[in-house]
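Colleague: I would like to go through this model with you. Shall we take it one question at a time?

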Amino acid sequence: MSLFFTIFALAACLGAVAVVISQSVVRMAFWLVVSLGSVAGLFFLADADFIGAAQLLIYVGGTLVLLVFGIMLTASGPYMKIPASPGETVVAGLIGVMFLFMVFATINGVDWDGSRDRIMAATHQTEGATGFDDRSEGNTLRPLGFALLGVRPDVPNGVAGAGYLLPFEIASVHLLVVLIGAAYLARAKRRQDVV
Amino acid sequence: MINTLAANSLTDALTGPLPLLGWDISSDTAFVIAAIIHAVLIFHVFALCPFFLIWLERKGSGRIQDRLGPTRVGGRFGWLQSLADGIKLIQKEDLCPPVADAMLFRSAPYIVCLASFAAFVVLPFSHSWVAVSADCGLFILLAILSLEVFGIIMAGYSSGSKWSLFGGMREAAQMVSYEIPLAICALIPIVSAGSLNLGEIGDMQSGHLGNWFLFHDPFTFVAFFVFFVVLTAGCKRAPFDLAEAESELVGGFHTEYSGMRWSFFFMGEYASMFALCGVAAILFLGGWHTGIPGVDGLLQEWRTRGEFTPFGYLANVIGAGVFVSKAAFGVFVQIWLRWTLPRLRIDQVMITCLKYFVPISCFLFLGATVWPLLFMFVWEQTTIYPEPLGKRAAEIWSVRHDDSESNESVSTDADAGSSNDSESIEVELSSGQYVASTNKNVDLQLQSDSSEQTALAASIEVRQ
Amino acid sequence: MPAELNSYLLVGAVLFVCGVICMATKRNAIGVLMGVELVLNGANVNFVAFSKFTTLGLDGQVFSLFVIVLAAAEAAVALAIVLNFYNNHLTVDVDRGNKLKG
């Protein structure tokens with residue numbers, strides 16, 4: 001378990017660093033695939049099967065293929081590189097490292113067990129949300145489906161209104177709008193000067 | 001996900017003192033051994049698929065073109081031809097063109113291979129013969145197979161050749177659009193099944209031919225053929241093999257490849273053909289069930305005796321044989337199509353997908369969802385499965401959810417009244433496949449067996 | 001439990017920071033898009049980790065599902081914009097999009 005976690009975590013982090021370092025856009029896309037694929041592996045390890053599969057299907061199989069397609073359409077020559085200015089890179093790198101240390105210090109500073117107890121005390125829960133069905137096997141598909149339909153059988157006291165039906169509908173309408181909008185934006189236009 | 005179904009049963013079988021040597025195997029060690037066994041088995045399936053299918057392709061194409069095909073290597077039918085090909089390919093020089101982006105060029109074949117290999121992890125070969133029995137198995141399988149296209153695009157782009165680039169771009173456009181009807185068509189039997197677990201879906205279709213999802217309703221019947229055509233396009237097989245189109249693009253995305261790396265693409269291609277045809281067999285053609293009424297019932301009866309009993313094991317072996325032959329027949333039809341039909345143009349391929357397959361599959365999906373309602377309102381009866389989908393899903397979920405709680409309560413007050421009830425749940429769950437509960441025949445049994453208490457508790461649980 | 005949670009959060013933080021640096025330094029518009037994807041993934045790792053290790057429960061997974069879906073939508077629109085930009089400027093260098101600078 002921890003061995004797999006180490007492998008996937010290292011691959012995710014190194015892939016992300018390589019995305020920043022590499023200059024060629026297609027190599028960036030390749031390292032992004034490595035990174036996002038390993039994140040999907042992390043999701044599988046964290047018992048989120050559906051999220052991991054969605055990550056693979058939507059991000060790696062969909063979005064990134066689209067990005068590479070975009071790279072091919074917009075490349076003005078083979079292996080197009082637009083180098084970043086070194087000054088900017090150094091400044092951004094410094095700020096990034098500082099930010100990372102800040103986040104790291106914060107993560108280590110928080111007492112997660114204590115906060116869990118406090119949350120449970122505040123919400124009058126005796127055992128806390130012990131989570132969803134069969135956590136050990138990551139079978140969260142049906143609970144997720146119920147949650148998206150607005151039913152929450154996994155919440156202990158059956159809190160009303162804890163479902164996600166409205167966000168789900170909004171997301172679907174949003175996707176429709178995006179579909180039409182993207183098709184409209186990227187449509188083949190007649191150049192005015194040509195006519 | 002970590003605790004896999006088949007690995008668990010193997011782990012249980014391995015745990016304990018070893019018969020001959022007297023070693024005591026802990027459950028952790030047994031789990032590792034079970035995992036290794038699965039990995040090795042899947043790797044062999046992955047390697048032997050192309051081995052057999054490439055031979056089949058050469059033989060089939062030969063027959064269709066009125067030739068003999070390979071005849072010499074390995075005796076009468078040239079059945080070792082793939083081995084000879086492999087040995088030849090290993091000896092070839094591994095070339096990398098100077099204009100290529102070497103790192104991407106070298107790693108692209110591995111991505112293709114890795115993706116189609118990983119798809120076998122969630123593909124069941126027989127009842128509970130699956131490495132990872134995930135609840136969203138079909139979704140994971142489609143997701144992993146969609147990674148394959150990325151390797152092909154990488155290969156096309158990084159070769160630094162215009163033929164490869166054209167091949168890669170065609171592949172990208174084709175894949176992104178064909179994934180949509182593929183996923184929608186795969187969802188159509190799911191609407192009737194109420195589960196994404198491939199093992200469950202396969203087990204629902206036991207009994208007789210009429211239980212196959214192919215014959216479930218007119219929409220699934222049409223959906224199978226649409227699915228098969230889309231699947232052929234998804235595997236970039238002729239008449240949709242625009243990515244390699246050897247008469248116009250030399251070799252398409254693999255123009256610049258040679259030796260082992262070139263053969264990796266084909267291993268990946270044939271393995272994913274097999275995997276997708278296997279999915280089609282599970283979704284529509286009854287998976288590992290023969291479809292013959294008496295035989296299926298007998299095999300099902302053998303399976304209930306336990307997985308590691310001789311008859312149970314034999315039933316599973318027969319099931320695996322049936323499944324593999326169904327999938328191989330699907331691949332054979334693809335081969336047959338390839339050598340029969342001429343190749344489409346790229347714009348025709350895109351129009352076929354976007355103007356025909358997407359609307360058709362959307363209509364079929366709508367029809368498949370409306371069909372049970374029609375039955376309910378017009379004839380006041382449900383389709384072959386006794387209950388609506390949502391209710392069944394809720395019951396499966398709550399029965400499994402209840403299990404942990406009811407176990408505790410029963411252990412505290414093991415009275416005569418509740419023991420019968422808990423037993424029926426436990427039998428159902430300890431067989432590892434609550435699958436059985438969704439099967440038509442068993443479902444009726446279960447309803448008569450289990451006391452009203454469970455149903456009541458389940459419905460209360462869901463209402464909350 | 002906290003050790004595992006911390007390591008997940010650390011991975012999330014690294015992804016986030018790499019994404020931010022990527023967004024800030026890349027001049028290729030598609031590179032900037034990739035930075036956005038990394039940032040969103042960093043957030044997703046956190047959601048899933050909290051869903052596993054804290055009282056957040058299933059909600060974390062639902063949230064990361066929404067993030068993934070909306071990220072895909074965002075990428076589609078952004079790519080359409082990039083293609084439009086390329087049509088007008090014949091480049092995808094974001095530093096060249098300075099017509100409104102005055």
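Modeller: What follows is a set of questions and answers on a predicted model.

Colleague: Which pattern does chain C follow along the sequence?

Modeller: Start with the element count. Chain C has zero strands. Its helices number three. Read along the sequence, the pattern is α-α-α.

Colleague: What radius of gyration does chain C have, against a compact globule of 102 residues?

Modeller: Look at the box first. Along the principal axes, the C-alpha atoms of chain C fill roughly 55 × 25 × 20 Å. A compact globule of 102 residues would have a radius of gyration near 13 Å. For chain C the value is 17 Å.

Colleague: What percentage of the contacts in chain C between residues at least 6 apart join residues at least 24 apart?

Modeller: Burial comes first. Of the 102 residues in chain C, 54% are buried. Now take the contacts between residues at least 6 apart in sequence; the share that joins residues at least 24 apart is 49%.

Colleague: How are α2(C) and α3(C) oriented to each other, roughly parallel or roughly antiparallel?

Modeller: Helix α2 of chain C spans residues 29–53, and helix α3 of chain C spans residues 58–89. Their axes come within 9 Å and cross at roughly 175°. Angles over 145 degrees count as roughly antiparallel. The two helices α2(C) and α3(C) are therefore roughly antiparallel.

Colleague: How do the residues of the contact of α2(C) with α3(C) divide by class?

Modeller: On the α2(C) side, the residues include Leu33(C), Leu40(C), Phe47(C) and Glu37(C). They belong to a contact in which α3(C) contributes, among others, Phe63(C), Val67(C), Ala71(C) and Phe85(C). The division is 17 nonpolar, five polar and one charged.

Colleague: Which element gives the largest share of the side of chain C that touches chain A?

Modeller: In this interface, 60 residues of chain C are in contact with 70 residues of chain A. Elements of chain C giving two or more residues to that side are α1 (2–25), α2 and α3. By class, the side has 40 nonpolar, 15 polar and five charged residues. The largest share, 22 residues, comes from α3(C).

Colleague: Over to chain B. In which crossing does α4(B) pass α6(B), left-handed or right-handed?

Modeller: Helix α4 (residues 102–119) and helix α6 (residues 148–158) of chain B have axes that come within 7 Å and cross at roughly 165°. α4(B) and α6(B) are therefore roughly antiparallel to each other. The crossing is left-handed.

Colleague: Which residues of α6(B) meet α4(B)?

Modeller: From α4(B), the contact takes in Leu104(B), Phe105(B) and Ile111(B), among others. By class, it has eleven nonpolar, three polar and one charged residues. The α6(B) residues are Glu148(B), Phe150(B), Gly151(B), Ile152(B), Met154(B), Ala155(B) and Ser158(B).

Colleague: Is Asp66(B) buried or exposed?

Modeller: Asp66(B) is found in the loop between α2 (27–64) and α3 (81–91) of chain B. Its phi is near 65°, a positive value in a residue other than glycine. Most residues other than glycine have a negative phi. With 6 other C-beta atoms within 10 Å, Asp66(B) is exposed.

Colleague: And Lys236(B), buried or exposed?

Modeller: Lys236(B) sits in the loop between α9 (218–234) and α10 (259–284) of chain B. Phi of Lys236(B) is also positive, near 45°. The cut-off for burial is 20 or more other C-beta atoms within 10 Å. Lys236(B) has 26 C-beta neighbours inside 10 Å, so it counts as buried.

Terms used:
Residues numbered from 1 in each chain as written. Chains lettered and ligands numbered in written order. Predicted model: local features only at pLDDT ≥ 70, side-chain atom pairs only at ≥ 80, totals over all residues. Helix = DSSP H or I, 4+ residues; strand = E, 2+ residues; numbered from the N terminus. Rg over C-alpha atoms; globule rule 2.2 N^0.38 Å. Buried ≥ 20, exposed ≤ 12 C-beta atoms within 10 Å, placed from the backbone. Contact = placed C-beta atoms within 7 Å. Axes fitted to C-alpha atoms, helices over the stretch in contact; angles between N-to-C directions. Parallel < 35°, antiparallel > 145°, perpendicular 65-115°, else oblique. Left-handed = near helix turned anticlockwise from the far one by under 90°. Nonpolar A, V, L, I, M, F, W, Y, C, P; charged D, E, K, R; others polar.
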